[in-house]
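Here is a briefing on one protein model. Please keep the sequence and the 3D view open while reading.

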Amino acid sequence: MVAKFFIPSVNVLGQGAVEDAITDIQGLGFKHALVVTDKPLVNIGLVAQVVEKLNAHNIATTVYDGVQPNPTMTNVNQGLELLKQHGCDFVVSLGGGSPHDCAKGIALVATNGGSIKDYEGVDRSAKPQMPLVAINTTAGTASEMTRFCIITDEERHIKMAIVDKHTTPIMSVNDPELMLAKPAGLTAATGMDALTHAVEAYVSTAANPITDACAIKAIEIIAQNLAAAVANGQDIDAREQMAYAQFLAGMAFNNASLGYVHAMAHQLGGYYDLPHGVCNALLLPHVQQYNAQVSAHRLRDVAKAMGVDVSQLDDNQGACAAIEAIKALAAAVNIPKNLTELGVKAEDIPMLADNALNDACGFTNPKQATHADICQIFTNAL
Ligand SMILES: [Fe+2]
């Protein structure tokens with residue numbers, strides 16, 4: 001099987017990365033940025049701080065701060081309108097997965113035309129998007145370095161998965177100093193999202209030695225640092241380690257893709273407007289329980305990476321240990337206990353399962369499921 005490896009051409013990581021990146025951006029000759037972000041980051045002053053740095057490097061800025069937690073087609077259209085009005089020649093996304101995904105939607109439609117809906121699926125666009133620099137403030141969705149773009153279609157109440165080589169940003173920036181203000185709940189949810197990326201990529205049918213190395217290292221770092229980053233948001237070392245871990249997990253899933261956790265979590269996010277990381281954290285053990293039928297040996301590796309002594313465990317015992325370790329980490333960072341707590345209703349499950357089976361993320365799950373299987377996994381997680 002041929003493996004293709006997608007990643008932004010420049011990736012800047014570590015304390016002080018933003019300053020360094022903006023100097024690089026100036027060197028690329030861009031003149032006017034559409035800064036795509038959200039209100040909470042405006043309110044804590046982070047947007048003003050980055051805009052000031054851009055302006056100090058002779059880059060004009062127009063800010064679109066209307067991105068919702070699950071970005072919508074309306075958000076994409078609003079940003080696109082501003083981009084056209086102000087003649088922006090590149091896009092800067094500032095935030096977590098929501099601003100990055102929205103910015104990808106804007107940048108893709110800016111050069112390809114039509115509606116973001118036209119690009120649902122895999123590699124549907126003809127041209128590269130408008131250049132996008134993604135400055136990340138969470139750890140994380142890894143959207144700042146992937147070709148995945150998830151946009152909610154408000155009419156159909158579904159999240160569209162747009163997986164397109166043209167949505168890869170030209171530069172990703174991960175500066176842990178921008179992550180210090182992230183609240184504990186968001187740190188936990190986004191960290192569990194990163195863990196899900198790594199585990200799903202590791203058991204994916206498209207995994208290869210490069211993605212395996214990234215996924216296992218990501219799992220190790222998350223197991224060692226997530227609880228510390230949640231307990232003390234000012235722990236810059238834990239923040240920096242989590243920034244590296246989520247980036248590694250991104251390298252893994254951007255190339256090995258994902259599985260049913262994401263395919264199912266997208267439906268919960270799209271229908272009930274629930275937080276992505278929390279949905280993943282709750283579904284991850286149940287989907288891996290299902291996957292253990294074919295991937296027990298891989299899940300044993302996951303247990304080992306999470307710090308379990310697997311030397312005396314066979315594959316099935318190792319898989320069980322991985323599932324327990326995932327549940328223990330979720331509990332340690334105060335993830336809700338089940339989907340019922342989030343308001344998910346049993347009567348909606350057949351419809352959610354229908355849509356989950358159409359989500360491109362599920363195509364690389366190690367065991368292909370029936371509609372009844374997906375319903376059962378949702379039910380187990382209630
Ligand atoms: Fe995710």
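In this predicted model, an iron ion is coordinated by Asp-193 (OD), His-197 (NE2), His-262 (NE2) and His-276 (NE2). The distances run from 2.1 to 2.2 Å. The points below start at the metal site, then move to the helices, the sheets and the loops.

**Iron site**

- The four donor atoms make angles of 83 to 168 degrees, and the site is irregular.
- The tetrahedral class would need all angles to lie between 85 and 135 degrees, so the range of 83 to 168 degrees rules it out.
- Along the chain, the donors follow the spacing D-x3-H-x64-H-x13-H.
- Asp-193 and His-197 both sit in helix α6 (residues 184-203). They are four residues apart there, so about one helical turn separates them.
- Asp-193 is buried, with a relative accessible area of 1%.
- His-197 is buried too, at 2% relative accessibility.

**Helix α9 against helix α13**

- Helix α9 (residues 260-272) packs with helix α13 (residues 371-381) at an angle of about 70 degrees. Their axes are 12 Å apart.
- That angle makes α9 roughly perpendicular to α13.
- From α9, the contact uses Tyr-260, Met-264 and Leu-268. From α13, it uses Ile-374, Ile-377 and Phe-378.

**Leu-283 in helix α10**

- Leu-283 belongs to helix α10 (residues 276-305).
- Is Leu-283 buried or exposed? Leu-283 has 0% relative accessibility, so it counts as buried.
- Setting aside residues up to four places away in sequence, Leu-283 touches Val-261, Met-264, Ala-265, Leu-268, Leu-339, Phe-378 and Ala-381.
- Met-264 and Leu-268, two of these partners, also take part in the contact of α9 with α13.
- Leu-283 and Ile-377 are 94 residues apart along the chain. Their C-alpha atoms are separated by 7.9 Å.

**Six-stranded sheet**

- Six strands form an open sheet in the order β1-β9-β6-β4-β2-β3, and the pairing is parallel.
- The edges are β1 (10-13) and β3 (60-64). Each has a single partner strand, so one side of each is left without a neighbour in the sheet.
- On average, neighbouring strands of this sheet are turned by 15 degrees against each other, direction ignored.
- Inside the sheet, strand β4 (residues 90-95) pairs with strand β6 (residues 132-136) in the parallel sense, over five bridges.
- Which residue of β6 stands opposite Val-92? That residue is Val-133.
- Helix α4 (residues 73-86) packs on the sheet and touches β2 (32-36), β3 and β4. The direction of α4 makes about 155 degrees with that of β3.
- Helix α5 (residues 97-112) also packs on the sheet, touching β2, β3, β4 and β6. The direction of α5 makes about 165 degrees with that of β4.

**Three-stranded sheet**

- Another open sheet has three strands in the order β5-β8-β7, with mixed pairing.
- Its edge strands are β5 (121-122) and β7 (148-153), and each pairs on one side only.
- β5 pairs with strand β8 (residues 158-163) in the parallel sense, over two bridges.
- Gly-121 stands opposite Ile-162 in β8.

**Loop residues**

- Thr-137 lies in the loop between β6 and β7. Thr-137 is buried, with a relative accessible area of 4%.
- Beyond residues up to four places away in sequence, the contacts of Thr-137 are Leu-41, Leu-46, Leu-94, Gly-95, Gly-96, Leu-178, Met-179 and Lys-182.
- Most residues other than glycine have a negative phi. The next two residues are worth a check in the backbone view.
- Ser-257 has a positive phi of about 65 degrees although it is not a glycine. Ser-257 is in the loop between α8 (236-256) and α9.
- Asp-273 has a positive phi near 60 degrees, and it is likewise not a glycine. Asp-273 is in the loop between α9 and α10.
- Ser-257 counts as buried, at 15% relative accessibility. Asp-273 counts as exposed, at 53%.

Terms used
Residues numbered from 1 in each chain as written. Predicted model: local features only at pLDDT ≥ 70, side-chain atom pairs only at ≥ 80, totals over all residues. Heavy atoms only, no water. Donors = N, O, S within 2.8 Å, 3.2 Å for Na, K, Ca; no water. Tetrahedral: all angles 85-135°; square planar, octahedral: opposite > 155°, others 65-115°. Buried < 20%, exposed > 50% of the residue type's maximum accessible area, 1.4 Å probe, protein only. Contact = heavy atoms within 4.5 Å. Pairing = 2+ DSSP bridges. Axes fitted to C-alpha atoms, helices over the stretch in contact; angles between N-to-C directions. Parallel < 35°, antiparallel > 145°, perpendicular 65-115°, else oblique.
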